[in-house]
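I opened this notebook to record what I looked up, entry by entry, with the cut-offs beside each term.

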Amino acid sequence: MRAIETFEPPAPSKVNYLNAEYGLKSWLLTRDHKRIALLYLGSITFFFFIGGIYAMMIRLELLTPQGDLLQSTTYNKVFTQHGIIMIFFFLIPSIPATLGNFLVPMMIGAKDLAFPRINLLSWYIYIAGALVTIYALLAGGVDTGWTFYAPFSTTFSNSYVVATGLGIFINGFSSILTGLNFIVTIHTMRAPGMTWFRLPLFIWAMYATSLIFVLGTPVIAITILLMAFERLAHVGIFDPALGGDPVLFQHLFWFYSHPAVYIMVLPSMGVVSELIANFSRKNIFGYKFVAFSSLAIAVFGFLVWGHHMFVSSQSVYAGMIFSFLSFAVAIPSAIKVFNWTATLYKSSISYDTPMLYGLGFICLFTIGGMTGLFLAALAVDVHLTDTYFVVAHFHYIMVGGALMGYLGGLHYWWPKITGRMYPEAWGRFAALIVFVGFNLTFMPQFVAGYMGMPRRYHAYPPEFQVFNVLSTAGASILGFGMLIPAIYLVWSMRYGKRADANPWNLPGLEWRTQSPPPTENFETTPVVTWEAYEFAPPEEIEVIGRLRGEFENV
Amino acid sequence: MAESYTTTKHAEGHPALQHHFENMEQQREAGTLGMWVFLVTEIMFFGGMFLAYTLYRSKYPAAFASASNHLDITLGAANTGVLILSSFTMALAVYGTQVGKRKLQLFCLALTIVLGLTFLGIKAVEYKDKYVDSLIPGTLIPGHPFSPAVQVPGESFDEHKLHLLPGATVKNVEMFYWIYFAMTGMHAVHMIIGVGLLSFLLVFSVKRRYGPEYHNPIEVTGLYWHFVDIVWIFLFPLLYLLGRHLEHGG
Amino acid sequence: MQSWIPFIPESASTMSWKVDALYFYLSGVTVFFTLLISIILVFFVIRYRRRTPYEIPRPIAGSHKLETLWTVIPFVIAMTMFAWGARVYFEQYSPPENAIEIYVVGKQWMWKIQHSTGQREINELHIPVGRKVKLIMTSEDVIHDFFVPAFRMKADVVPGIYTSEWFEATKPGTYHLFCAEYCGMNHSGMIGSVIVMEPREFDNWLSGNAGNQTPAAAGQQLFQSLGCVSCHGANGEGGRGPTLAGLFGRQTLLSTGQTVRADEAYIRESIINPQAKLVAGFGPIMPTFQGQVSEDQLVQLLAFIKSLQIVSPQPATPGQSPATTATAPTRATPAPKAK
């Protein structure tokens, strides 16, 4: 039976989740996962621009070797806050809380997540954490670095450490609840016929991410709590003056914060699987390998935290174990990259904006991932740790990787979410600008790092200036490139071309209901009888040629 | 997982069935799995403190033994008994709900609450004793710093004074007490939340909301309660029973 | 600070080229795979672009052979990187015997350096070329990191413990010293220079800056002024307190039955927190000196105690030693592996 045949396009209805109810209360008290996704979308976009402003300040200061634009304490606060905002208030929630919330129920054929009220609660917790953090920033800011190392954070810093820590602590519960919701939903609410290996790879990625949310976030919560008490009440497990061990803080901190980087990149990898498959009309090569790689990354990611501590006075033998495991965790990511590439072989590739972001991800993530190997290699890490090499490496993963995936997903599912298409030409243009600007910003930083430029430096020796100037030039281009989608996406919500249920002609469950979807997602719960990414049943494939024009009815 | 789900537009059925679930069975499965996942997060949350405890106990064994000896083992053991009993009454409450024995359900829920409050009461007594002996670490209570009286060798035994084993220092004893308060304090917070949840359940049970067709909330709260009990079962020996063989009396 | 190879800092230590070699290997592999993936992507994207709007390509499920290939090959390559990195790392973090020991105390926001021969420096470290140098470091406040890019070496400087790093300079010159662990307001100002000199010049420098006490001599003065002699004896021969002569590096039996090695950390701890590791057979009567001695002074006491040697070994009752003299060493006694 043809996958497409079972799909009866729903009678187009004017009522969808956006206009089913009006009024502030219907949004602030909603239980609809789609509306909650939009609440998150607005919040994280706001924080993205705050974090971006901090980034601009950093890059402007670093144009010259002297610390002449900002005072050093101000600069220290700026880079700290750039990190905190971007990591905790943008990247970690980005794909899970927006695209994940919106799409997980739809892609598995459910009406909502397992716990809709907890979903809403998680947004309110996010907002509460955000407000506490904003208070801390406005009251005077925090200057410990986003890593909050003791004893500087517990005893020596004169900034709003406790308030910021509280904000992040609260925010962590938002993550935990989202992850819990996803795990339960994926286990118990799949539509009939939607077996595990028929799930879109985006769901596998969200599942793996949720495992990390649930297992890792509580550890940072308790770490922040202990640090805060130490600072407030002079009780100590971290400050050596109180009998404590500062390296213990690093172990506890990185036990979460390393898996956190997989929280940031796994969802993006899930999006990329969707983009590559759907915009080349071919199932992902090695589907099971990609699915299990997501799980492997989640599990192995918990075993490598010590690679942030190779020079911290950790034992040499512990360093070796962590180095070995860090190389091991790179392998599943490599497997994914090869499988995505192989998917494109003998496929049918369209150059839509989402595909461009997907391709950009593969290229930049390869660079980011391989430069991670430099840092996993002990001897080289001794030289490179705490230099700009590390900064470049993680920006390649988080911006070149995670952010590109996010933008690609946002564009891909934009018609489903809003019922409108974004302007394609502008989309492609912006993708190109972002790609160029990004590389120009961060490639020179690899060189500056190996040359010895330390990170978190407000002023630096003059021989590093050329790299910093290139980097700032790139950042300007990157910033401009980010502004463009911000403008046209908002514009499209009012003036974009209206999209129908399946503007891209794809088999995924989310495309089998109208755009925007009704509140209950599906008129009737679908029964799934086809495999993932089955563009047409195997016996009816023609490599080149027209189909019988069914798509025109859709 | 693959049971026969109906595919009707709106699942008719039990008034407690939420609209996004297909049927009560799915709702119950989701609720139970959700609570298990939540308990895993709690394990990770407490885990950080258990790690700190393990580390510093191996670093300062004499101080930890001295401080542990100074805790009131009678009260601690009493609390352990109270909690274990409360887990039993909780399990009975769940059973009572499942089979429709309403009296058993109500009585056991109420008894569990009472036992929980008893635990918290005994804890409060212990905390007060620490306050009186100036064993509250750091400046947790401003103006009342950590300054216990230390037993001088040769003096007659004074239960309010800290007896330091060879190698123990007051500073490291303070570390023990911080870990003690952090762990038992966090545990107590979870107990309070548990008692709160049970109170809601009791009120709703009186209103006949739960019975054999719908008892998942009581089941999952039972899971939570048992977890909080298990955490205490780990805390008690680790905090109260160190080095008892080195010390006579208690 | 550029070497003749672009984008590489100057190489000035015996380890520099070893790290660089691995770096080049990693770079080569990275460039190779990046180009490989990028070129294949570009090729596929052009060759397999959509030509008609409704075409659907034949699905390909996968290939176990390919999966194995591109799992095993990257894994093997990764293992070569691991093994190479681990080997060089082990050498980087194994301080050699017979190294010149120099004490470093980091504090917000400067480096205080004490040579064993008495010279003191702030933010500058003079060392001779061709000699192994071992830094024994601690911090007075927060965590810092002693980073010399030209030597490809760094190690965190942690309060409460001693950490160490070693290097052997191969080329005279002046090289950057950076603090590489964020430490507050003037982190970027906590920089200086490592000045490597030819042996003759270095000797000149030493004599030109002599007149300062050696750390060991300063330590001896502290040993007297703080009253240590009353229990440990003027030359560490012992008495009411344990013998200190010849103690450094030896195994010591504690009152708990444990045996520990008397390294730098042990000695420092025993001054700050004497009851933590009580020596067997002695009562807990030593007062604590926490707050009364700075990290600099602790380093001086450490240097003095290290210098206490048993001059004429004679069979004596355990715990006591015959007369000893304190010597100001020009090179360290065999150094234990510091943590």
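Among contacts in chain C between residues at least 6 apart in sequence, what percentage join residues at least 24 apart? I found 64%, taking contact as heavy atoms within 4.5 Å.

Before going further I noted that this is a predicted model, in which local features need pLDDT of at least 70 and side-chain atom pairs count only at pLDDT 80 or more, while totals for chains, interfaces and linings use all residues. Residues are numbered from 1 along each chain as its sequence is written, chains are lettered from A and ligands numbered from 1 in the order in which they are written, and side-chain values use heavy atoms, with hydrogens and water left out.

Entry on chain C. I listed 7 helices and 14 strands, these being DSSP runs (helices H or I, at least four residues; strands E, at least two) numbered from the N terminus. Of its 339 residues, 53% count as buried, which is to say under 20% relative accessible area, against over 50% for exposed and partly exposed in between, with a 1.4 Å probe and protein chains only.

Entry on a helix pair. I looked up helix H3 (residues 72-108) and helix H13 (residues 388-418) of chain A, which pack at an angle of about 35° with their axes 11 Å apart; the axes are lines fitted to C-alpha atoms over the stretch in contact, and angles run from 0 to 180 degrees between N-to-C directions. Among the residues of H3(A) in this contact I noted A:Leu99 and A:Phe102, and among those of H13(A), A:Tyr406 and A:Trp413.

Entry on the cores. A nonpolar core is a set of buried Ala, Val, Leu, Ile, Met, Phe, Trp, Tyr and Cys residues joined through side-chain atoms within 4.5 Å. The largest has 330 residues, and A:Leu99, A:Trp413 and B:Tyr177 are among those that touch the most other members. H3(A) gives the largest share of this core, 21 residues. I also noted a second, separate core of 30 residues, which includes C:Phe223 and C:Tyr266.

Entry on the backbone. The peptide bond from C:Gln108 to C:Trp109 is cis, with omega near 0°, and C:Trp109 is found in the loop between strand E1 (100-107) and strand E2 (110-115) of chain C. I then looked at two positive phi values in residues other than glycine: A:Tyr533, at about 55°, is buried with a relative accessible area of 9%, whereas B:Arg208, near 60°, is exposed with a relative accessible area of 61%.
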